[in-house]
Amino acid sequence: MKQYLKRLFIYSTSFTYSNLSRLFIRLFVGVLFIRFGIRHILFFNNIVDAYPSMFGMSNTTCLVVLIIVELLGGLMLMLGLLSRITSTLSILAMIYAAKSILDIDRYHFINDIADLDAMDPVYIPILLIGIFLYLILSGPGKISLDYIISLVMVSESNEPADDNLLQDA
């Protein structure tokens with residue numbers, strides 16, 4: 001029994017699938033994002049008037065930018081291409097989506113924020129913001145185009161490779 005517990009707590013905690021888990025989270029969020037983008041395209045005429053204007057752009061322009069970020073961003077996240085930049089742009093898109101939901105719904109962002117409960121749709125963009133912050137901090141992992149591009153760039157340069165840069169990418 002002691003050997004089993006030792007193996008469970010000591011040996012299994014040192015062995016992780018961090019690169020595989022980052023791939024999974026990128027694929028999961030990428031599929032969600034592409035699904036949201038397709039839904040926005042399909043119902044564009046029905047929802048465009050309900051979306052607020054933001055960043056000095058009209059509501060139509062904001063919705064088109066949101067769709068582009070969702071479709072291209074989802075694809076780029078799935079591939080692991082420019083993951084940190086894509087995650088940063090996706091955070092901005094989710095801030096806009098959260099504001100849109102709060103404006104469209106019965107809530108007003110400042111006055112009634114305390115009335116939100118756990119079933120409100122505004123939590124989806126907030127949860128995605130958390131996932132994007134994780135991807136910014138952790139990076140795309142070794143199962144990504146970012147990692148492959150970095151290996152090619154290091155191998156083509158004449159400088160010696162810094163193993164610490166590619167150790168836990």
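Two residues are in contact when heavy atoms of theirs lie within 4.5 Å. In this predicted model, Met-94 has such contacts with Phe-33, Glu-70, Pro-125, Leu-128, Ile-129 and Phe-132, leaving aside residues up to four places away in sequence.

**The nonpolar core**

- The largest nonpolar core is made of 23 residues.
- Val-29, Phe-33, Met-94, Leu-128 and Phe-132 have the most contacts inside this core.
- Two or more residues each come from helix H2 (18–42), helix H4 (59–79), helix H5 (83–104) and helix H6 (123–138).
- Of these, H4 gives the most to the core, with six residues.

**Ser-144, between H6 and H7**

- Ser-144 sits in the loop that lies between H6 and helix H7 (145–156).
- Its relative accessibility is 5%, and buried means under 20%, so Ser-144 counts as buried.
- A polar atom of the Ser-144 side chain is 2.8 Å from the backbone oxygen of Gly-141.
- Not counting residues up to four places away in sequence, Ser-144 touches Arg-26, Leu-79 and Gly-80.

**Leu-82, between H4 and H5**

- Leu-82 belongs to the loop between H4 and H5.
- Although Leu-82 is not a glycine, its phi is positive, at about 50°.
- Leu-82 has a relative accessibility of 43%; partly exposed covers values between the buried limit of 20% and the exposed limit of 50%, so Leu-82 counts as partly exposed.

Technical notes. Residues are numbered from 1 along each chain as its sequence is written. This is a predicted model: local features need pLDDT of at least 70, side-chain atom pairs count only at pLDDT 80 or more; totals for chains, interfaces and linings use all residues. Side-chain values use heavy atoms; hydrogens and water are left out. A nonpolar core is a set of buried Ala, Val, Leu, Ile, Met, Phe, Trp, Tyr and Cys residues joined through side-chain atoms within 4.5 Å. Buried means under 20% relative accessible area, exposed over 50%, partly exposed in between (1.4 Å probe, protein chains only). Helices (H or I, at least four residues) and strands (E, at least two) are DSSP runs, numbered from the N terminus. A polar contact is a pair of N or O atoms within 3.5 Å; within protein, one must be able to donate a hydrogen and the other to accept it, and residues adjacent in sequence count only if both atoms are side-chain atoms.
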